[in-house]
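Visitor: I am new to reading structures. Please take a close look at a single part of this one, and tell me where that part sits in the whole.

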Amino acid sequence: MLSCDWLSQQGAYRLLGLAWSMARYHVMQHNDEPPRASLQAVATCYPRYGYSCLLHALLRQEGL
């Protein structure tokens, strides 16, 4: 690893045009399977409903 005493880590990110938050970002794992299965089941029952409106409202009523 290279050492650079005159440039801080935050300064290096600024120099490269990158966001400082990239250095501290941690990926969080989510379990999407239950909501995805519910969405598919509701979409199968109501194929004419659009996700952005009615299917989303139905899932919200179920507590998802």
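**A patch on the surface**

Guide: This is a predicted model, and read along the sequence its chain follows the pattern α-α-α. That pattern amounts to three helices and zero strands.

The part to look at is a nonpolar surface patch of about 320 Å². Three residues make this patch: Leu16, Leu18 and Met22. Begin with Leu16, which lies in helix 1. Leu16 counts as exposed because its relative accessibility is 64%, and the cut-off for that word is over 50%. Helix 1 covers residues 9–16. Confidence in the chain is highest in this helix, with a mean pLDDT of 84.

Now set the patch against the whole chain. The accessible surface of the chain is about 6,100 Å². Carbon and sulfur atoms account for 57% of that surface. Of the 64 residues in the chain, 8% are buried, a word kept for residues under 20% relative accessible area.

His56 has a relative accessible area of 33%, so the label here is partly exposed. In sequence, His56 is 14 residues from Val42. In space, the C-alpha atoms of His56 and Val42 are 9.6 Å apart.

Helix 3 spans residues 51–62 and has the lowest confidence in the chain, at a mean of 77. Over the chain, the mean pLDDT is 79, and 89% of the residues reach 70 or more.

Methods: Residues are numbered from 1 along each chain as its sequence is written. This is a predicted model: local features need pLDDT of at least 70, side-chain atom pairs count only at pLDDT 80 or more; totals for chains, interfaces and linings use all residues. Side-chain values use heavy atoms; hydrogens and water are left out. pLDDT is the predictor's confidence in each residue, from 0 to 100. Helices (H or I, at least four residues) and strands (E, at least two) are DSSP runs, numbered from the N terminus. Patches are made of residues with over 30% relative accessible area and no salt bridge: like charges are joined within 9 Å, nonpolar side chains (Val, Leu, Ile, Met, Phe, Trp, Tyr) within 5 Å. Accessible areas come from the Shrake-Rupley method with a 1.4 Å probe; for residues, only the protein chains shown count as cover. A salt bridge is a side-chain nitrogen of Lys or Arg within 4 Å of a carboxyl oxygen of Asp or Glu. Buried means under 20% relative accessible area, exposed over 50%, partly exposed in between (1.4 Å probe, protein chains only).
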